[in-house]
Amino acid sequence: MSPEQNIAKKAALKAANSIEQLMFKNELLSVNKKLNNGFVDQAINVSLNDIFYTLKKAYPEDEIQSDEQTLTEYTNPERVWLINPLSGVTNFLHAIPHCAISIILIENGKTKEALIYNPITDDEFTASKGGGAFLNQRRLRISNHNEPEESLVATNHSGDKSKSAAQALALRTINKTTADVRIMGSPALDLAMVAGGSLNAYWQNDMPNSEMLGGILLVEEAGGQCMDYSAKRNFSSTRQVIAGNLKLSAWLSTQLNSIYNS
């Protein structure tokens, strides 16, 4: 494990401990009371703060970002840490153990390190560029299921209301052809599960970089392929991602391109 991965793990564990304490403090409250007392916002804030200060102490010259803002007072395009303090907030609110902390290191515009950590189950997905992908230090390989009819595919709803009709059509079309489609609620963790072979493929549009870039590195380091709906790699501009093995990702691209880009 690289020095950066060790620091990312330290940051994620610290954040997870704060989240666990917050959960214990609020465990007897109903969902409505949790919403009213800002439970989710508190979890996001304590996680973000723990990660930020751990990274800043270890790498004071690096830039640190979330999807919403640059957290450091300066910019350093050579090394940028991108944080998602809690992917899958609705699952977290309802005590569904499918959520994740995502920490990504981007060096000279390319994703170098990724850690996706489930603070509920203690599962840790890691990837280093050129170094492979791992779950709890066990090497990951992409699923070899090539036929859509045999494949379990996942997606998540996006917030882009203008594409709701296209999203509904894509869901119906792909569900009709595959073994089944799952909507699981944590895009970062879902992509990690594609890298591990639990899911055969994944697609989503309007996806933030903090959920997408780490998952892409994991999938590719596990032997998979990622592309946007046009079978290109313009992830940050299109905010689209398809992940899977070579055959399934190409098949999904054909389906989705005809729906979204026709």
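Contact in this description means heavy atoms within 4.5 Å. Helices (H or I, at least four residues) and strands (E, at least two) are DSSP runs, numbered from the N terminus. The structure is a predicted model, in which local features need pLDDT of at least 70 and side-chain atom pairs count only at pLDDT 80 or more, while totals for chains, interfaces and linings use all residues. Residues are numbered from 1 along each chain as its sequence is written, and side-chain values use heavy atoms, with hydrogens and water left out.

The axes of helix 6 and helix 7 (residues 209–221) come within 8 Å and cross at roughly 5 degrees, which makes helix 6 roughly parallel to helix 7. Axes are lines fitted to C-alpha atoms, for helices over the stretch in contact, and angles run from 0 to 180 degrees between N-to-C directions. Angles under 35 degrees count as roughly parallel, over 145 as roughly antiparallel, 65 to 115 as roughly perpendicular and the rest as oblique.

Helix 1 (residues 3–26) packs with helix 3 (residues 39–58) at an angle of about 155 degrees, their axes 8 Å apart, and that makes helix 1 roughly antiparallel to helix 3. The crossing of these two helices is right-handed; a crossing is left-handed if the near helix is turned anticlockwise from the far one by less than a right angle, and right-handed if clockwise. The contact of helix 1 with helix 3 has 12 nonpolar, five polar and three charged residues.

Turning to the sheets, seven strands form an open sheet in the order 1-2-3-4-5-6-7, with mixed pairing. Two strands pair if DSSP finds at least two bridges between them. Strand 1 (63–66) and strand 7 (138–139) stand at the edges, each with a single partner strand, so one side of each is left without a neighbour in the sheet. Within this sheet, strand 5 (residues 124–128) and strand 6 (residues 132–135) run antiparallel and are joined by four bridges, and Ser128 has Gly132 in strand 6 as its bridge partner. Helix 6 (residues 187–196) packs on the sheet, touching strand 2, strand 3, strand 4 and strand 5, and its direction makes about 100 degrees with that of strand 4. Helix 1 also lies across strand 2 (79–87), strand 3 (100–107), strand 4 (110–117) and strand 5, running at about 35 degrees to strand 4.

The structure holds 10 salt bridges, a salt bridge being a side-chain nitrogen of Lys or Arg within 4 Å of a carboxyl oxygen of Asp or Glu. One of them joins the side chains of Glu4 and Arg79 (3.2 Å, N to O). Glu4 lies in helix 1 and Arg79 in strand 2, so the pair ties together parts that are 75 residues apart in sequence.

A further open sheet has five strands in the order 9-8-10-12-11, again with mixed pairing. Its edges are strand 9 (180–183) and strand 11 (225–227), each with a single partner strand, so one side of each is left without a neighbour in the sheet. The twist averages 20 degrees from one strand to the next. Strand 8 (residues 152–155) and strand 10 (residues 201–204) pair in the parallel sense over three bridges, with Ala201 in strand 10 the bridge partner of Val153. Helix 6 packs on this sheet too, touching strand 10 and strand 12 (241–244).

Note on methods: Ala, Val, Leu, Ile, Met, Phe, Trp, Tyr, Cys and Pro count as nonpolar, Asp, Glu, Lys and Arg as charged, and the others, Gly among them, as polar.
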